[in-house]
Amino acid sequence: MSQLSIDDIRVLCDAHSKPLELHFQYGTAGFRTLGNTLDSVLFRVGILAGLRSKRLDGKTIGVMVTASHNPEADNGVKLVDPRGEMLEAAWETHATVLANASTTDDFLHALDLFVRNVKIDLSKPSRVVYARDTRPSGVALISSLEDGLKAIGAEARDAGVTTTPILHYLVKAINTKGTKESYGDDSEDGYFKKLSDSFKKLVAGRPKITPLVIDCANGVGAPIAAKLVEYLGESIPLILENTSITTLGALNNACGADFVKTMQKLPPSLVEVLKPGQRACSLDGDADRLMYYYLDDRGYFSMLDGDKIAALVAAFIVDLVKLAGLESTIKVGVVQTAYANGASTRYLAKRLPVKCVPTGVKHLHHAAEHYNIGVYFEANGHGTVLFSPQAQETLANHEPSTPAQSTALNHLVNLTHLINQTVGDALSDMLLVEVVLAHKSYTGVEWNSLYADLPNRLVKVVVSDRNAFRTEDAERRLISPSGLQAKIDELVRRYDGGRSFVRPSGTEDVVRVYAEAILKTQADELAFRVAGLVYDEAGGDPSRRPKEFL
Ligand SMILES: CC(=O)N[C@H]1[C@@H](OP(=O)(O)O)O[C@H](CO)[C@@H](O)[C@@H]1O
Ligand SMILES: [Mg+2]
């Protein structure tokens with residue numbers, strides 16, 4: 001650690017001591033817990049981000065401070081790799097080790113070991129760009145992060161209060177600046193221009209788009225969507241709701257994408273706003289998830305989740321590829337998880353290859369990279385579309401032989417600009433959905449009727465040790481506790497169209513049970529029977545057995 005002043009790090013580290021009783025883990029969503037416990041973690045993440053940049057020859061690394069759809073009191077932090085992607089898996093472990101060193105001495109020792117093991121050349125430059133969502137705890141956490149960046153001597157750029165997908169965009173734009181792969185201007189303005197210009201081109205000549213209501217979850221999506229509105233001008237009328245970012249306790253409270261997906265109902269704040277026949281969508285607290293819905297003519301609520309978005313978008317792209325005459329060179333595929341509704345998988349599998357991977361965006365993202373165009377969405381509304389470098393080159397160089405081919409080709413090129421390919425982006429995905437609806441002249445009703453969702457139920461089971469539950473086949477089957485999968489299979493066989501699987505959550509201390517069946521009552525019954533099995537098998541206390549478990 002010779003090039004750095006250990007004494008400087010020591011002094012700053014002392015000022016950000018770790019609470020002894022707490023254990024931190026860099027999980028699926030980075031570090032995430034109560035915001036007021038994360039001071040030491042943020043300081044150390046600052047150092048880690050600086051080191052990651054040095055390890056990658058001074059490429060810019062991103063740091064996002066957010067707890068997404070979680071309650072307002074939570075906060076979190078995750079790192080973004082140079083191409084705008086999530087942190088390399090091996091470094092998640094390094095992050096966990098460094099975050100848990102008990103004292104300043106332990107931390108400095110762990111740091112020294114780490115630098116030597118990973119072979120980091122400390123003389124290399126180090127660049128980091130960071131941002132936060134609107135959570136009140138974010139202000140102090142950013143200042144802890146800045147101390148970490150200062151301690152490691154990183155060149156730091158503050159991207160302010162912005163969405164997670166914009167931070168990912170910035171990282172990629174900064175690292176590709178001045179190259180032929182330039183992703184766009186490295187500013188919010190560059191992002192808005194890129195999205196709005198391609199959107200306007202894609203909807204040019206289409207009938208006027210009807211107003212869309214956006215539930216901003218009282219989070220960072222609100223100010224960012226307000227800026228986007230300015231750039232979009234008259235191309236699409238947007239009505240922003242739940243924009244109270246300074247009202248304490250309002251964030252994600254009875255609103256937002258997670259509320260809509262879990263409650264399967266309209267946020268109460270929209271009851272007076274949404275009119276029968278009108279479309280609306282909800283963002284989550286950092287605007288990387290999107291849920292659509294509408295009220296039909298009789299005022300009944302219908303939800304269009306990530307699976308419905310995948311179906312809409314994938315079918316549209318497949319058609320464009322055919323129309324452009326590129327069917328044999330560009331292969332489109334879809335990636336889902338076991339939580340995808342069975343009806344969506346059936347719909348998609350008739351049209352294109354579909355792969356199922358374990359839960360968590362990084363698994364979906366990596367699998368989607370194996371297609372020329374890979375569409376991925378989690379049922380909860382997080383997803384995007386990836387165009388491989390080869391596909392982008394084909395689109396750029398292909399000579400269309402008819403005007404129709406030329407139009408389709410142009411649309412595909414514009415989609416590569418409209419879609420934030422670094423990560424799921426609620427606002428970019430929203431514009432993508434609006435493009436497809438405009439091209440197909442679909443209302444929510446027609447979109448919803450692409451296929452009918454199978455009734456389903458998700459249940460949490462609290463067990464003493466969720467690590468006792470291990471899975472295979474993209475989490476669709478249990479390998480331990482031994483014998484349990486056979487019992488689940490036996491139950492599932494008794495239900496028409498039945499499907500159920502059990503897996504430990506990666507973000508909560510619970511085991512999740514998912515079930516679907518032809519009828520809602522049957523899906524519920526199957527889920528509660530499997531939950532009962534899981535509870536008993538895990539040695540749950542009979543006197544505390546939830547009464548709905550069968
Ligand atoms: C059933 C479900 O919605 N699971 C979510 C949830 O993961 P769990 O591992 O199931 O806790 O949080 C993840 C991170 O946000 C998200 O990727 C995933 O889809
Ligand atoms: Mg989110």
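Which handedness does the crossing of H1 and H4 have? Read on, and the answer turns up among the helix pairs.

## What you're looking at

This is a predicted model, where local features need pLDDT of at least 70, side-chain atom pairs count only at pLDDT 80 or more, and totals for chains, interfaces and linings use all residues. Residues are numbered from 1 along each chain as its sequence is written, while chains are lettered from A and ligands numbered from 1 in the order in which they are written.

## The domains

The protein chain splits into domain 1 (6–161), domain 2 (189–303), domain 3 (306–448) and domain 4 (456–544); these bounds come from an automatic or database domain assignment. Taken over C-alpha atoms, the centres of domain 2 and domain 4 are 34 Å apart.

Residues 206–290 are 22% helix and 16% strand, with end C-alpha atoms 24 Å apart. For residues 305–442, the figures are 54% helix and 13% strand, with 16 Å between the end C-alpha atoms.

## Around ligand 1

Ligand 1 has 13 residues around it, and the closest are Glu378, Asn380, Ser505, Gly506 and Thr507. A residue counts as near if its C-beta atom, placed from the backbone, lies within 6 Å of the molecule.

Sorted by class, this shell holds three nonpolar, seven polar and three charged residues. Here Ala, Val, Leu, Ile, Met, Phe, Trp, Tyr, Cys and Pro count as nonpolar, Asp, Glu, Lys and Arg as charged, and the others, Gly among them, as polar. Ligand 1 lies between domain 3 (306–448) and domain 4 (456–544) because both give residues to its shell.

## Helix pairs

Helices (H or I, at least four residues) and strands (E, at least two) are DSSP runs, numbered from the N terminus. Helix H1 (residues 6–14) packs against helix H4 (residues 104–117) at about 135°, with their axes 10 Å apart. Axes are lines fitted to C-alpha atoms, for helices over the stretch in contact, and angles run from 0 to 180 degrees between N-to-C directions. That angle makes H1 oblique to H4; under 35 degrees counts as roughly parallel, over 145 as roughly antiparallel, 65 to 115 as roughly perpendicular and the rest as oblique. And the opening question?

Helix H2 (residues 39–55) and helix H3 (residues 89–100) pack at about 140°, with their axes 10 Å apart, so H2 and H3 are oblique to each other.

## The C-terminal stretch

UniProt, again in an unreviewed entry, puts "domain: Alpha-D-phosphohexomutase C-terminal" at residues 481–530. Helix H17 (residues 484–492) and helix H18 (residues 520–537) pack at about 160°, with their axes 10 Å apart. That makes H17 roughly antiparallel to H18.

Pro481 sits in the loop between strand E17 (477–480) and H17. The peptide bond from Ser480 to Pro481 is cis, with omega near 0°. Most peptide bonds are trans.

Conventions
UniProt positions renumbered as here; feature names shortened; annotations may be inferred.
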